[in-house]
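The following note comments on how the elements of this structure pack together. Please read the numbered points with the model at hand.

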Amino acid sequence: MFDGDKMIYMGLDEEGRHVNLRLNMANRHGLIAGATGTGKTVTMKCMAEGFADAGVPVFMCDVKGDVSGICVPGERTEGMEKRIDRFGLRDCFSYKGYTTTFWDLYGETGHPIRSTVSDMGPTLLARILGLTEIQEGVLNIIFKIADDNNLLLIDLKDLRTMVNYVGEHKDEYTLTYGNMATQSLGAIVRALLPLENQGGNYFFGEPELNILDWIRTDEEGKGMINVLDSVKLIQNPKLYSMFLLWMMAELFEVLPEVGDPEKPKLVFFFDEAHLLFNGAPSVLIEKIEQVVKLVRSKGVGIYFVTQNPADIPDAVLAQCSNRVQHALRAYTPAEQKAIRAAANSFRVNPAFKTEEVIKELGVGEALVSFLDEYGIPDIVRNTKIICPQSLMGQCDDASRNLMRVTDGMKKYDLYVDNESAYEVLNARAIQQAAEAAAAAEAALLAKQEEKAQKEAEKLAEKERKEKEKAVNSVVSTVAGTVGREAGKKAGGLFGAFGKRVGGNLGASLARNILKVLKK
């Protein structure tokens, strides 16, 4: 709860003093830890409400599904009324909901969150896919070829089509871009399958989210609450890691340096943070470490909510200056060691032994240490946490749908499949196939015409020969007849000499007749 003095009121210590989180120190990050059922979610919601009341937008990952109630007023109960009086909230407390925008990568319970393959880039994509250095180099070449040919890589089908296209034409590109082994191309395609199976097709596409839409205030100047439904998403670690890598890279690119502002520009809460780090790829952990160290100067605060501080990598934990530690249980030697480590992370309060108090805290109680006005951790204080003004638990579908209709983010609901590498290369392949088919048909037609012409010429030659043969036969018959008749008559007048003369006359006549017929 914002107390109007640039502080968030979080509870009362053992001496009845207010325990406040300073807004100008809130971008130094924080940790909310404790065993299951000790009140971590209540603390997170109270802190988020305080930020919102102070005009600071909030982004919350809802892993268990019980954060959505922040959009509707809390329920008046006897227990709540007693807590209101205990914390002196009667004059400022009101049961109220907060203006909330719901997000869901799958688009089922909130607005989709989308990015493009190009915006993700080959380096982050290669690392989250677990590619080798050589395979990452090939992926960089594929992105370069796409860029040089104005082929947009928006969704996964664009990337898959581009990989196949480069594989089919790799000999053409080798001299210009370098060698691309078929095995590397195949490995990239195989690496895409798990991402697609986990829902990568939902995340990559358009319209792409403008991360500045998370940094908004309502009409009263209150910070907008953004809730990401992560119940299903957390079960698909590759997609969850992909989203977080994109989000953190986007924060760096979009947000300007602001140093140490009077209050954060945006605050993130990662509930069940151990799920974020357990089994996460090293590239994601490295990126989180980098972001936690550097994003403070952009006015962004990050708060991890988990069961045990040991769940958080040391490099990340060292950056969490504002800490709330709920009860921890010590049933095993490992748990006892974790309690000692948690206790030693606080600045000592001479009024009690921190290690003992951690094990004795009740529900809604916590050991709290926030930064003072000089940026120095305050001594640890045994604190009773205030109660949230919104509903604890899930909201109903009607409230969620009402927020979704009125939050102004409908522009993200409709998927837009713009022309990109998939469409261009498919159209080009269809055109090339049509041109090849037309060329093949033209070649076949020309071959058929050539065959028909040869057959016609052959038939004409045959007819000519048959005609000539027939003519020769006729001429020979006529000439023979003429020759014989002339020979008979000449022989009767001149004897044997006359027959020869008649025969020659017949042969000469035959040749002349043949010449005339041929003409």
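1. Helix 6 and helix 8 cross in a left-handed manner, a crossing being left-handed if the near helix is turned anticlockwise from the far one by less than a right angle, and right-handed if clockwise. Axes are lines fitted to C-alpha atoms, for helices over the stretch in contact, with angles from 0 to 180 degrees between N-to-C directions. Helices (H or I, at least four residues) and strands (E, at least two) are DSSP runs numbered from the N terminus.

2. The model is predicted: local features need pLDDT of at least 70 and side-chain atom pairs pLDDT 80 or more, while totals for chains, interfaces and linings use all residues. Residues are numbered from 1 along each chain as its sequence is written, and side-chain values use heavy atoms, without hydrogens and water.

3. Helix 10 and helix 12 (residues 282-294) pack at about 30 degrees, their axes 10 Å apart. This makes helix 10 roughly parallel to helix 12, and their crossing is left-handed. Residues of helix 10 in contact (heavy atoms within 4.5 Å) with helix 12 include Leu 244, Met 248 and Phe 252, and those of helix 12 include Leu 284, Ile 288 and Val 291.

4. The largest nonpolar core has 84 residues, of which Leu 125, Trp 214, Phe 243 and Phe 304 touch the most other members. Such a core is a set of buried Ala, Val, Leu, Ile, Met, Phe, Trp, Tyr and Cys residues joined through side-chain atoms within 4.5 Å. Helix 10 (residues 237-254) contributes the most to this core, with 11 residues. Not counting residues up to four places away in sequence, Phe 304 touches, among others, Ile 32, Phe 270, Phe 277 and Ile 288.

5. Gly 223 sits in the loop between helix 9 (200-203) and strand 6 (225-229). Gly 223 is buried, at 3% relative accessible area (buried is under 20%, exposed over 50%, partly exposed in between; 1.4 Å probe, protein chains only). Beyond neighbours within four places in sequence, the contacts of Gly 223 are Ala 52, Gly 55, Val 56, Pro 57, Arg 216 and Thr 217.

Key
Parallel < 35°, antiparallel > 145°, perpendicular 65-115°, else oblique.
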